[in-house]
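Hi,

Here is the structure I promised to pass on. Have a look at it first, then read my notes below.

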Amino acid sequence: MDVPKVFTEYAVREEGWEFIPNPALYAEVATPIQKVNTDALLKELCWSYLDDVILDIGCNNGDVTNMLLSKSDQIQHITACDILGPCIEYAKKENDNPKVTYLEMDVSKEWTTSWENKYDKVFSNECLNMILDQETVLKQVFKSLKPGGEFGASYFLQVEGLQTAILTLMGKDKWRKYFQGATKDLRS
Ligand SMILES: C[S@@+](CC[C@H](N)C(=O)[O-])C[C@H]1O[C@@H](n2cnc3c(N)ncnc32)[C@H](O)[C@@H]1O
């Protein structure tokens with residue numbers, strides 16, 4: 001199947017995804033959609049947050065991390081990490097909160113042992129599809145959770161057909177209206 005090339009000024013996709021650090025543009029173009037997705041995910045998860053210590057994998061500019069934090073004043077702390085240094089710097093400035101620590105980190109590399117049995121919840125919105133070695137990451141997620149801890153994540157699929165189908169529909173007159181706001185800066 002032909003896979004459309006996608007270019008936005010914060011992400012490029014030919015074979016896999018490559019993210020270009022542009023957290024301000026991400027805030028304008030992607031955050032509104034990611035907040036809708038995250039809201040839907042969190043509704044499904046029905047988490048209680050009492051004294052929770054949370055890890056957010058692939059936080060980009062921290063907007064969604066901040067939204068997660070806003071779900072409960074009972075959350076104790078969120079560690080939010082992303083592979084892109086400039087996004088972490090932006091998050092530290094624009095989404096600064098004493099309850100959040102932002103870290104530049106490649107989650108597909110080995111995690112510090114100090115994270116073992118540390119988290120009540122591990123959360124990730126639309127990041128795991130970018131990680132080739134998901135098994136290694138998921139094993140580390142498991143080790144990082146406290147007994148009874150929970151992992152809630154969206155978008156594991158690396159199935160090319162799914163992206164292709166969405167992007168193809170976005171380009172068609174009949175369906176375009178349903179993707180309003182999602183097509184900005186998107187060329188295929
Ligand atoms: C589509 S964005 C989602 C950002 C945020 N969770 C949200 O909902 O807006 C995916 C993020 O995953 C990050 N990412 C991809 N691979 C990663 C890795 N190996 N380690 C850490 N972050 C990664 C990217 O840099 C990007 O910021």
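A term to start with: two residues are in contact if their C-beta atoms, placed from the backbone, lie within 7 Å. On that basis, residues 24 or more positions apart make up 67% of the contacts in the protein chain with a separation of 6 or more. Before going on, note that this is a predicted model, where local features need pLDDT of at least 70, side-chain atom pairs count only at pLDDT 80 or more, and totals for chains, interfaces and linings use all residues. Residues are numbered from 1 along each chain as its sequence is written.

The overall picture: the protein chain has seven helices and eight strands (DSSP runs numbered from the N terminus, H or I with at least four residues for helices, E with at least two for strands). Of its 188 residues, 29% count as buried. Buried here is 20 or more other C-beta atoms within 10 Å of a residue's own, exposed is 12 or fewer, and partly exposed is in between, with C-beta atoms placed from the backbone.

Now the strands. Strand 4 (residues 53–57) has four of its five residues buried, so it is largely enclosed by the rest of the structure. It runs parallel to strand 5, joined by five bridges (strands pair if DSSP finds at least two bridges between them), and Ile57 stands opposite Cys81 in strand 5. To get from strand 4 to strand 5, the chain goes through helix 3 (residues 63–69), in a right-handed β-α-β crossover. Right-handed means that, with the strands pointing away from the viewer, the path from the first strand over the helix to the second runs clockwise. Strand 4 is also parallel to strand 7, with three bridges; there, Leu55 has Val122 as its bridge partner.

Strand 7 (residues 119–124) in turn pairs with strand 8 (residues 145–153) in the parallel sense over five bridges. One partner pair is Ser124 with Ala153 of strand 8. Together with helix 5 (residues 134–144), strands 7 and 8 make a right-handed β-α-β unit.

Which residues of helix 4 are buried? In this helix (residues 85–94), they are Cys87, Ile88, Tyr90 and Ala91. Seen down the helix axis, these buried residues fall within an arc of 160 degrees, so they line one face of helix 4 (the arc is that of the directions from the axis to the C-beta atoms). The face turned away from that buried side carries the exposed Gly85 and Lys93. Helix 1 (23–29), strand 5 (77–82) and strand 6 (100–104) are among what covers the buried residues of helix 4.

Strand 6 holds Tyr102, which is buried, with 25 other C-beta atoms within 10 Å. Leaving aside neighbours within four places in sequence, Tyr102 is in contact with Cys59, Gly62, Ala80, Ile88, Ala91 and Lys92. Its C-alpha atom is separated by 8.3 Å from that of Glu89, 13 residues apart along the chain.

Last, the ligand. Of the 22 residues around it, Gln34, Gly58, Asn60, Asn125 and Cys127 come nearest (near means a C-beta atom, placed from the backbone, within 6 Å). Helix 2 (31–45) and strand 5 each supply at least two residues of this shell, and the largest share, three residues, comes from helix 2. The shell divides into twelve nonpolar, seven polar and three charged residues, where Ala, Val, Leu, Ile, Met, Phe, Trp, Tyr, Cys and Pro count as nonpolar, Asp, Glu, Lys and Arg as charged, and the others, Gly among them, as polar.

Cheers
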